[in-house]
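Please examine the sequence and the structure shown below. The explanation that follows leads through them step by step.

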Amino acid sequence: MTATIIDGKAAAAGVRARVAEIAADFAKRTGRQPGLATVLVGEDPASAVYVRSKGKATSEAGMASFSHKLPDTTSEAELLALVDQLNRDDAVDGILVQLPLPPQIDASRVIAEIDPAKDVDGFHPVNAGRLATGLEALVPCTPYGCLYLLKQQLGSLAGREAVVIGRSNIVGKPMALLLIGESATVTVAHSRTKDLPDVVRRADIVVAAVGRPEMVKGDWIKPGAVVIDVGINRIPTDDGKSRLVGDVDFAGASENAAAITPVPGGVGPMTIAMLLRNTVVAAHRRAAMPDPEGV
């Protein structure tokens with residue numbers, strides 16, 4: 001068996017095109033664009049790249065982009081004051097504070113101060129709780145992108161056995177809750193799971209989000225399973241350079257899986273696409289309009 005490669009770039013392009021249509025319709029009906037504010041504290045190169053790409057994607061989708069760059073000496077009080085300002089700004093529908101933050105700032109406190117209605121990262125405890133109890137919520141972008149790819153590949157997920165490897169608040173836990181919401185049978189596995197290979201071998205769906213390069217071996221994958229690899233790990237190569245790999249041994253898993261996401265080009269593009277989706281959804285809800293369809 002040779003796995004089908006799940007093209008995250010193509011799927012993300014489809015979502016972004018639909019978001020642009022929704023944003024244009026929203027602007028026509030309300031007289032303003034949906035707005036996303038990004039906040040970057042410090043000089044972390046990877047974070048700077050992510051924030052620039054998010055701002056560019058926001059503008060390309062016909063939405064207003066508000067970028068705030070603060071020095072790494074910014075105090076927690078100063079950042080909280082900016083968050084409060086953005087909470088009260090009617091032009092802003094979504095607020096994204098790029099993580100990680102400098103050590104003098106408590107990220108959990110900052111997240112808790114974001115208006116849950118503008119929490120397009122889906123990290124606020126109110127949104128986490130609403131997701132856990134099956135209520136309407138803004139959902140973390142990466143797991144929502146994973147769910148989108150799974151449903152594109154499989155249609156209904158009801159009754160399928162899914163294993164999520166990883167239990168973070170950003171991916172693992174919300175991913176499990178989203179799969180439960182689709183009536184899958186879900187196991188959350190992690191570094192202390194006993195007989196992890198055997199647990200994974202039961203799964204029709206494997207979502208790997210553990211942060212260890214190529215940890216999930218090809219012979220762990222049940223024939224015909226669908227594999228979503230969330231990991232992004234940089235490893236050295238023999239020529240002194242480096243390359244990106246996921247949490248799954250792609251070559252080995254491809255021999256058993258029915259479909260698999262590559263790294264890069266799989267889940268990554270979906271994260272920004274779902275951030276844009278969350279922003280237009282937040283704009284509609286803040287304007288007391290029905291959720292847009294098709295995203």
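Predicted model: local features only at pLDDT ≥ 70, side-chain atom pairs only at ≥ 80, totals over all residues.

Rolling a probe the size of a water molecule over the atoms shows where empty space is left. The largest cavity has a volume of about 40 Å³. Which residues line the largest cavity? Its lining consists of Ile 95, Val 97, Leu 99, Ile 111, Ile 114, Asp 119, Asp 121 and Phe 123. Sorted by class, 6 of the lining residues are nonpolar and 2 are charged, while no polar residue takes part.

The next topic is the sheet. Three strands, in the order β3-β2-β4, form an open sheet with parallel pairing. Its edge strands are β3, residues 64–70, and β4, residues 94–97, each of which pairs on one side only. On average, neighbouring strands of this sheet are turned by 15 degrees against each other, direction ignored. Strand β2, which covers residues 35–41, pairs with β4 in the parallel sense over 4 bridges. Within this part of the sheet, Leu 36 has Gly 94 of β4 as its bridge partner.

Is Ser 47 buried or exposed? Ser 47 counts as buried because its relative accessibility is 3%, and buried means under 20%. Leaving aside residues up to four places away in sequence, Ser 47 touches Leu 40, Gln 98, Leu 99 and Pro 100. One of these contacts, Leu 99, also belongs to the lining of the largest cavity.

Notes
Residues numbered from 1 in each chain as written. Heavy atoms only, no water. Buried < 20%, exposed > 50% of the residue type's maximum accessible area, 1.4 Å probe, protein only. Contact = heavy atoms within 4.5 Å. Pairing = 2+ DSSP bridges. Helix = DSSP H or I, 4+ residues; strand = E, 2+ residues; numbered from the N terminus. Axes fitted to C-alpha atoms, helices over the stretch in contact; angles between N-to-C directions. 1 Å grid on protein atoms, 1.4 Å probe; cavity = no way out; pocket = protein on both sides within 12 Å on 5 of 7 lines; lining within 4 Å. Points joined across faces, edges and corners; volume = space filled by probe spheres on them. Nonpolar A, V, L, I, M, F, W, Y, C, P; charged D, E, K, R; others polar.
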